[in-house]
Amino acid sequence: MKNERVRLGLTDLKVRAMGVGAWAWGDRFVWGFGQGYGKEDVAEAFHASREANLDFFDTAEIYGLGTSERLLGEFIRSDGPAPMVATKFMPYPWRLRRKSLVKALRDSLDRLGLSRVDLYQIHQPMPPVSIETWMDGLAEAVELGLTRAVGVSNYSPKQMERAHKALARHGIPLASNQVEYSLLTRNPEASGLLQLCRDLNVTLIAYSPIGMGLLTGKYGPWNPPPAARRRRVRLSLTWLTSLLDTLAEIGRAHGGKTPAQVAINWTIAKGTLPIPGAKNRRQAAENFGALGWALTDAEVARLDELSDPDGRIGR
């Protein structure tokens, strides 16, 4: 399993079984970039990830208003062979024509210092422009050689089906749907999205696989998470403690894996490509400790049951 690679949808792109999310690289509102960590810290996270042979980095034009893309591009230029890079287009309501997508991609490429990206994604569905129009824009980006593959993010099952069908008219596969997925956020299972991804050969890229840090063991009733993250993940911190205790117990059975490593491995067991973030070298090292081993079926089932206390997902 140490060198296991996964394919992005039906494309020819293959990456390690875990990528790196760069949301926190420049974001001040949610992650507090510049307050407790900064450029040197995330540079160390990047270099540690590359040393561990992680080769897929995900960013977006809105992360830190372009800061994440600029930093990632700078780090790539100082590191040697470039890894695979994914970024995203935000379909703001004032972006009314598909040509705005190609312009935004060119702007992202300028910030990254690249001639093309490996995966370009629509950040989320947003009116008034139709899904089909944006898929036409993604197809144009492929035809222009600005991206190797295309995907979506935060799309529901019905929205993803529309995107898949629209791209198929151009002979282009929908490579991925990037959504929040973790032991704390299992909506992709409850909605049928995870199964639809399997049926359509679309890779589910799991962002926030450790629940925005809530599955690391750092937070609990004794230490609530920052308000910006607490509002995003509504749960009982007492129940969280029970889940963390189980993650720690399972981790000990695998040679001392941490709760975060077990949580990430659980998303891999579900057939997804997790992209945990890392603010520094220590966090990056902990993340890639989720690779090279596997939870047993019984352990996955135990975590499934514990993280779905009302039995909603199995109904």
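How many helices and strands does the protein have? There are 12 helices and 10 strands, counted as DSSP runs (H or I of at least four residues for helices, E of at least two for strands) and numbered from the N terminus.

This is a predicted model, where local features need pLDDT of at least 70, side-chain atom pairs count only at pLDDT 80 or more, and totals for chains, interfaces and linings use all residues. Residues are numbered from 1 along each chain as its sequence is written, and side-chain values use heavy atoms, with hydrogens and water left out.

**View 1. Inside the protein.** Of the 315 residues, 56% count as buried, meaning under 20% relative accessible area, with exposed being over 50% and partly exposed in between (1.4 Å probe, protein chains only). Take contacts (heavy atoms within 4.5 Å) between residues at least 6 apart in sequence: 77% of them join residues at least 24 apart.

**View 2. Helix α12.** This helix covers residues 297-307, and E299, V300, L303, D304 and S307 are buried. Seen down the axis of α12, these buried residues fall within an arc of 140°, so they line one face of the helix; the arc is that of the directions from the helix axis to the C-beta atoms. On the face turned away from the buried side of α12 sit the exposed residues D297, A298 and E305.
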